[in-house]
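This briefing goes through one protein chain, topic by topic. Please keep the sequence and the 3D view open while reading.

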Amino acid sequence: METAFSASMGTEVEVSEPLIEKITAEEDQLIPEWKDQITIRGLAVSAIMGTLFCIITHRLNLTVGIIPSLNIAAGLLGFLSVKSWTSFLSKLGFSTKPFTRQENTVIQTCVVACYGLAASGGFGSSFLAMDKRTYKLIGTEYPGNRAEDVKNPGLGWMIVFMFVVSFVGLFSLVALRKVMILDGKLTYPSGTATAVLINGFHTNAGAELAGMQVRFYFDFSPTYVGCGLICPRIVNCSVLLGAIVSWGFLWPYISQHAGDWYPADLGNSDFKGLYGYKVFIAISLILGDGLYNLIKIISVTFKELCNKRTKVSKLPIDNEIQDTESSRLLIDQKKRENVFLKDGIPTWFAASGYVGLAAISTATIPTIFPPLKWYLVLLLYLIAPALAFCNSYGAGLTDCSLSLTYAKIGLFIIASLVGTNGGVIAGLAACGVMMSIVSTAADLMQDFKTGYLTLSSAKSMFVSQLLGTAMGCVFAPLTFWMYWTAFDIGSPDGPYKAPYAVILREMAILGIEGFSELPKHCLALCCGFFVAALVINLLRDVIPEKISKFIPVPMAMAIPFFVGAYLAIDMFVGTVILFIWERINRKDSEDYAGAVASGLICGDGIWTMPSAVLSIFSINPPICMYFGPTVSS
C-alpha cells in the first residue's frame, strides 16, 4: 500500500507501508478479546525466552556495549515454540486452542519488555560505574574520584531498584499512543518488520512474504538498508546530511584544534575532549527538535479541546490516505484503527499510574542511594516524560533508541546539583532511573506499532508489557548476578570489560565540576545547535510546501552525530534503491518494497541469535571492513 507522509504544512513524501493488507471476513470474526490474547502458555514461553534473551543481552552489554534489537527474533522464536508445542499435543490426541497472531504478538511484547530491562537497567553501565573496580581503574588519585563514592552490585537492592523504576516509563507516554501510531504514523521500522513476520506466519496471504523475509541476507548492513526502504525519504536524507555535517566537517574541524580547545592526549571516550562535543551537541540537537514537537502537540491538542474540534494534530512526519486509494484499503485501515482503539487505556489511568509509581519511587530510591535525595528524584520524574517523548519520536523515525544518551542528561544535571559530597553516586543512580524510563517508553511504542499492524488490542499489549516488565525485574538481576559471580566483570584484560562503566563514572565526575570543565566552545556550540533545531522546525511549519519538503528533520540529523556515519550511508542506500525501483516499475515497488525491507531487517534480526551464541564461544565474524585516509609515503 502506498501512503503519503506529510510534513507540516502539507509537504508529502511517498513511502510504502506493506502491512495494510486485506482483512478477510474470517479474520475479522476471529479477532479474540484482549483477555483471550494473553494465555498461560504464552506467558510460560515468554518467561523461558525472556531468561534466555537476558543472558544474551548481558553478554553483549558487558563485552561490546552494543545491543541490537531482538524484537524480530522474539516474534520468530515465540511462533516456533508455541506452534511446536501445539503440534506435539495434537499428535498425542489432545485438543489445543488455536494459536493466533495476537497471542504471538503478546509473547513478543512480553519477551521484549523482559530483556529490555537487561539492556536498559544499568547492569552494564551505571551499576558497574559505581563499583570498586571501576573506581580503581580510573585512579585513586584522579580528581573527584572518591573512595566514598563506591557501591558494589547487590542482588537484593538491584531487584528492588528494578521494581520501583521500571514500570514508570510504561505510563509516561501511553496516553500518546494514538498521536504517535495513528495520527503521526511514525514508522518504527523494527516494529513494522516484526508485524510482517508475525502476519506472514498467521495468514495464508502472508505465507509467501514470510518465506521472502528469511532469504534476504546482506553483508552491508541489512537492518539499516531495510530501514532506508521503509522510512520516508526526507528522514533518510536528513540522516545522511547529519553524517556529512558532523563527520565530514564539524568533528574534523574541532579535531584540528586539539591542544587548544582541549588537551590533545585525551582518550576517545573522555568527555573533556572530542567525545564531549559529540555527546552534548547531539543531545542539544535532539532536545531542540523533540521539545519543539512536544510543545506543538500539547498546544494544538489544547486548542482543539477548547474549540471542541475533532481535527487530528500532525507531527512533522504525518500520514494522509490519498484519494486514489481503493475503498477496501480504507475500510481495512479503519478496521485496524478501531481494533487498536477499541480497548482503550484511559488518560486518567495513565496519569494516575505515573504519579503513583513516581511517588513510590521517590520515597524508595533515596533508601538505596542516600546521596540522591527525594526532591532530586522528583525532579527526574518531572522532566522524564519530555525526554521519553523525544526518544520515542526519534525511534519512530529512524529505529534508533538513544536511551543512554538521554540518561546522561539526568546524570550530568544531578551530579552537578549534588556536588562533591556524593555527586558521583547520585548522578549514576539518576542515569539508571532516566535510562529505564526513556527506554521502556520507546519499546512500548515500538510494540504498539506491531500490535496495530497485527490487529492486537492496545490493552493486551500494555498488560503484556507490565507482565514482561515484572519478569524482567527478577530475571535481569538474576542473570546479571550469574555473570557477576562467575566472571571477572570490568577487568580490562578479560572478555567482560564493561566499556560504559568507566565512561559514565568519568562523566559523573565531570558533572560535579560543572559546565566550566566542558571543552572550549562546547557550551556555545550546544546552544547554537539547540536554537538551530527550533528554527528548522519553525521553518518547516511556516514556509510553502514546495520549499519545506526539502528541509531536513533535525531529530534524524542528530542520530549520526553520536552514533556514527555508517547507518546514514546504509539508510541512504535503501532510499536510492527504492527511488530507482520506483522509476523502473512503480507498481512492483509499491507491492514489494515493504516485503524486501522487512526481509532485510528480519534476516539480520534472526541472525542476531546464533551470532550472539557464537560470540559466547569467541567465534567472531570472519571479516571487518574499515575505510580510512591513505597515508602518503
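In which helix does L411 lie? L411 is part of helix α18, which covers residues 403–418. The model is a predicted one. The chain as a whole contains 26 helices and three strands, and 58% of its 633 residues count as buried.

**L411 and its surroundings**

- L411 counts as buried because its relative accessibility is 0%, and buried means under 20%.
- Apart from neighbours within four places in sequence, L411 is in contact with G427, L428, C431, L504, M507 and A508.
- One of these residues, M507, is 96 residues away from L411 along the chain, yet the two C-alpha atoms are separated by 7.9 Å.
- For the chain, among contacts with a separation of 6 or more, 83% are between residues 24 or more positions apart.

**Helix α13**

- Helix α13 runs over residues 233–255 and has 23 residues.
- From its first C-alpha to its last, α13 reaches 32 Å, close to the 33 Å expected at 1.5 Å a residue.
- Where is the kink in α13 centred? The kink, of about 30 degrees, is centred on S246.
- S246 is also one of the buried residues of α13.

**Helix α20 and its two partners**

- Two packed helices are described by the angle between their axes and the distance between the axes.
- The axes of α4 (residues 101–120) and α20 (residues 458–486) come within 7 Å and cross at roughly 35 degrees.
- This crossing of α4 and α20 is right-handed.
- On the α4 side, the contact is made by T105, V106, T109, C110, A113, C114, L117 and A118.
- On the α20 side, the contact residues include S460, M461, S464, Q465, L467, G468 and T469.
- Counted by type, the residues of the α4 and α20 contact are twelve nonpolar, eight polar and no charged.
- Helix α19 (residues 423–453) packs with α20 at an angle of about 140 degrees, and their axes are 10 Å apart.
- Is the crossing of α19 and α20 left-handed or right-handed? The crossing is right-handed.
- From α19, residues D443, L444, D447, F448 and G451 meet A458, M461, F462 and Q465 of α20.
- This contact of α19 with α20 divides into five nonpolar, two polar and two charged residues.

- Most residues other than glycine have a negative phi.
- L455 has a positive phi, near 60 degrees, and is a residue other than glycine.
- L455 is found in the loop between α19 and α20.
- With a relative accessibility of 2%, L455 counts as buried, because the cut-off for buried is under 20%.
- H521 is not a glycine either, and its phi is positive at about 70 degrees.
- H521 lies in the loop between α21 (499–513) and α22 (522–542).

Terms used
Residues are numbered from 1 along each chain as its sequence is written. This is a predicted model: local features need pLDDT of at least 70, side-chain atom pairs count only at pLDDT 80 or more; totals for chains, interfaces and linings use all residues. Side-chain values use heavy atoms; hydrogens and water are left out. Axes are lines fitted to C-alpha atoms, for helices over the stretch in contact, and angles run from 0 to 180 degrees between N-to-C directions. Helices (H or I, at least four residues) and strands (E, at least two) are DSSP runs, numbered from the N terminus. A crossing is left-handed if the near helix is turned anticlockwise from the far one by less than a right angle, and right-handed if clockwise. Contact means heavy atoms within 4.5 Å. Ala, Val, Leu, Ile, Met, Phe, Trp, Tyr, Cys and Pro count as nonpolar, Asp, Glu, Lys and Arg as charged, and the others, Gly among them, as polar. The expected span of a helix is 1.5 Å times one less than its number of residues. The bend at a residue is the angle between axes fitted to the seven residues ending there and the seven starting there. Buried means under 20% relative accessible area, exposed over 50%, partly exposed in between (1.4 Å probe, protein chains only).
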